[in-house]
Amino acid sequence: MSPLTWAAAAVVTDASGRLLLCGRSEGARRWGLPGGRLRHDESPVDAVVRAVRTETGWAVAPADLVGLYRVTGPPVPAPPAGRCGARPDVLVHVFRAGPADAGPAGEPATGCLPRWWPPQELPDVLTPTTRAAIADALAGRAGVLRHTTAADALTPPGDGQPAPPGQRASEQVDSSSR
């Protein structure tokens with residue numbers, strides 16, 4: 001069993017229904033929900049407010065919890081003695097939120113390119129958790145428990161055409177989230 005990292009992220013929508021995503025560059029451009037790891041002394045709600053503002057410059061007001069998303073890496077054999085193991089699993093608290101102000105409250109962090117996207121024009125390369133959380137948030141779901149795998153984060157589905165949000169074959173959905 002790998003260690004667990006706790007994180008918080010937000011599906012931020014503005015008055016026109018656009019979604020705020022953070023462009024990240026790790027070898028290839030990919031897009032994800034703004035957010036970050038929880039600090040030792042903060043709640044998931046406090047963490048999402050802090051992390052979204054730090055990453056994007058936008059102050060947000062969380063409305064409710066969309067769900068908990070467990071992100072795991074691909075199964076790997078145990079490392080040899082003295083070597084690091086697999087990356088830790090991540091449990092992400094994903095909130096539905098809106099901007100608290102009419103414009104950004106500060107500058108975005110280095111490493112994040114914030115951009116507003118209409119839901120029908122989302123980029124092809126979304127992290128699996130982002131794709132699932134957007135689908136759940138836009139469908140009005142709450143209390144979702146979902147398991148995604150980080151292994152296909154950079155792989156566009158099928159013939160290279162973007163799949164509708166939440167339609168990745170690799171995602172496993174608990175029956176209670178439907």
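Is Arg96 buried or exposed? With a relative accessible area of 17%, Arg96 is buried (buried means under 20% relative accessible area, exposed over 50%, partly exposed in between, with a 1.4 Å probe and protein chains only). Keep in mind that this is a predicted model, where local features need pLDDT of at least 70, side-chain atom pairs count only at pLDDT 80 or more, and totals for chains, interfaces and linings use all residues. Residues are numbered from 1 along each chain as its sequence is written, and side-chain values use heavy atoms, with hydrogens and water left out.

**View 1. Arg96 and Asp64 pair up in a salt bridge.** The N-to-O distance here is 2.8 Å (a salt bridge is a side-chain nitrogen of Lys or Arg within 4 Å of a carboxyl oxygen of Asp or Glu). Asp64 sits in strand β5 and Arg96 in strand β6, 32 residues apart (helices, H or I of at least four residues, and strands, E of at least two, are DSSP runs numbered from the N terminus). Asp64 counts as partly exposed, at 29% relative accessibility.

View 2. Zoom in on Asp136 and Arg146, whose side chains meet at 2.7 Å, N to O. This pair joins helix α2 to strand β8 (residues 144–149), 10 residues apart. Asp136 is buried at a relative accessible area of 0%, and Arg146 is buried too, at 8%.

**View 3. Trp31 and Trp117 make an edge-to-face pair.** Their ring centres are 5.1 Å apart and the planes stand at 80 degrees (rings of Phe, Tyr and Trp, the latter by its six-membered ring, pair if their centres lie within 6.5 Å; planes under 30 degrees apart are stacked, over 60 edge-to-face and the rest tilted). Trp31 belongs to strand β3 (residues 28–32) and Trp117 to strand β7 (residues 113–117), so the pair ties together parts 86 residues apart in sequence. Both of these Trp residues are buried.

**View 4. The largest nonpolar core has 20 residues.** Such a core is a set of buried Ala, Val, Leu, Ile, Met, Phe, Trp, Tyr and Cys residues joined through side-chain atoms within 4.5 Å. Among the residues with the most contacts inside this one are Val11, Leu21 and Tyr69. Helix α2 gives the most to this core, with four residues.
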